[in-house]
Amino acid sequence: MSPGQGNQDDDLSYTAAAIGAAGHPGGAPLRIGIIGVGGISRAHHDSYRGAGAEVVALADPDALNLRARAARWGVERRYSDFRAMFADGDVDAVSICAPTAVHAPATLAAAASGVHVLCEKPIALDLAQGRTMIEACRAAGVVFMVNHQLRSHGAADLAKRMLERGELGDVTHVRLRQAHDWAGASEVRPSFSTRASSGGGTLLDNGCHLMDLARFFGKDVDEVYARTATRKFAVELEDTAHVSLRFASGALGTVEVAWTATGWEEGFWIYGTQGALEYTNRSGTPVLRHAFRHSPGTTWGDTDVSEHRFTGVPPHARHIRAFLAAIRGERPVVCSGEDGLEAVRLVFAAYESAERNAPVLVREAPTTLPG
Ligand SMILES: NC(=O)c1ccc[n+]([C@@H]2O[C@H](COP(=O)([O-])OP(=O)(O)OC[C@H]3O[C@@H](n4cnc5c(N)ncnc54)[C@H](O)[C@@H]3O)[C@@H](O)[C@H]2O)c1
């Protein structure tokens, strides 16, 4: 599920008709502002453009970065402060791609201006603050969606539908993995390297995506047991972490995250009483394998297998198309504010568990980032 990987399911296809429908009922495209024009903003920008929405304004206090992005993307309106962007108006929706500490003030400013919000993950580093963001958007009647885009990956989407159809039986255990090496860099990107800037290491950065995916596949989690380590980078945060989950259903889960891997690894494995789903990007073209036993006489090692490949629109683009569709009232959001909040709650519980070296009940977890 890396940024460049393909995706499937073209119920919202990239056709001229879909592009026309990306905007206002009269046909004008939705006008988008992007707050924070660093690393992840490009995926948002390209996805909006691909979906036929118009990126009309950018806000970032880093003047050099702002100028470069505005020139490259051909965006005229640029702001050093997102408040000035909202004051000028003429923006229907924003992507909040600034560091996590900015998510709450930017969301509240958007809601106050009646602007729809796609907020990067993690939603916030304080559950009460996250709740305030959700309530402000609800009161303003604007769409609020969290950018856990792995939900929109074709493999995850198909897995979810197979689970809902009961094709795997009851889930027994789930394994989730996201691990990388900062593209071989010798240092962690500055905004991710200190507690003050990012709040946490790989457990927060990658882990909140996987905690969200854990809930997407296995529903509520009621206990976690985590271990964290700093093995490679000179950072005050963890660069490696494992978490054991116990779902409310009784199923088990494992979350593995690292900045200490090689390349970009992503995968999930879902095991049920009637079959298994295995997805990884590590062995050539990513494939979702569905292993099951229908044929009589198969051996321990030989199951029946169906394979699914995912081409076309990648996860970020699908997620943003889903956001635009939610704004148009065509579908519910794929990942709500509450979903974003629950992912963070599980990460907080995991940090608490690692600190105590003991299992932690999620309902008893801290409501802010421990430490
Ligand atoms: N969904 C994903 O897979 C994914 C991937 C990477 C990052 N993220 C999230 O996106 C956010 C940004 O990450 P990034 O990798 O792009 O970081 P980055 O450091 O590359 O970029 C952040 C940008 O925000 C700007 N910024 C700082 N304060 C601001 C403010 N008050 N208003 C507007 N802009 C401000 C910075 O100048 C910088 O240009 C983080 O919350 C991160 O967790 C999500």
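**Exercise 1. Determine the strand order of the open six-stranded sheet and identify its edge strands.**

The order in this open sheet of six strands is 3-2-1-4-5-6, and the pairing is parallel; strands pair if DSSP finds at least two bridges between them, and the strands themselves are DSSP runs of E with at least two residues, as helices are runs of H or I with at least four, numbered from the N terminus. Strand 3 (77-79) and strand 6 (144-146) each pair on one side only, which places them at the edges. Neighbouring strands are turned by 20° against each other on average, direction ignored, where axes are lines fitted to C-alpha atoms (for helices over the stretch in contact) and angles run from 0 to 180 degrees between N-to-C directions.

The model is a predicted one, in which local features need pLDDT of at least 70 and side-chain atom pairs count only at pLDDT 80 or more, while totals for chains, interfaces and linings use all residues. Residues are numbered from 1 along each chain as its sequence is written.

**Exercise 2. Describe how strand 3 is paired, and which helices pack on the sheet.**

Begin with strand 2 (residues 54-59), which pairs with strand 3 in the parallel sense over three bridges; within this pairing, Ala59 has Tyr79 of strand 3 as its bridge partner. Helix 3 (residues 63-73) lies across strand 2 and strand 3, and runs at about 170° to strand 2. Helix 12 (residues 315-327) packs on the sheet as well, touching strand 4 (93-96), strand 5 (116-119) and strand 6, with its direction at about 160° to that of strand 5; contact here requires C-beta atoms, placed from the backbone, to lie within 7 Å.

**Exercise 3. Find the partners of strand 7 and state how enclosed strand 7 is.**

Strand 7 (residues 171-180) is joined by nine bridges to strand 11 (residues 264-272), and these two run antiparallel, with Gly267 in strand 11 as the bridge partner of Arg177. Strand 10 (residues 252-258) pairs with strand 7 in the parallel sense over seven bridges, and Arg175 stands opposite Thr254 there. Because seven of its 10 residues are buried, strand 7 is largely enclosed by the rest of the structure, a residue being buried if 20 or more other C-beta atoms lie within 10 Å of its own, exposed if 12 or fewer, and partly exposed in between.

**Exercise 4. Identify the residues that join helix 7 to helix 11.**

From helix 7 (residues 154-164), the residues Ala156, Ala159, Lys160 and Leu163 meet Leu213, Phe216 and Phe217 of helix 11. The axes of helix 7 and helix 11 (residues 207-218) come within 9 Å and cross at roughly 30°.

Methods
Contact = placed C-beta atoms within 7 Å.
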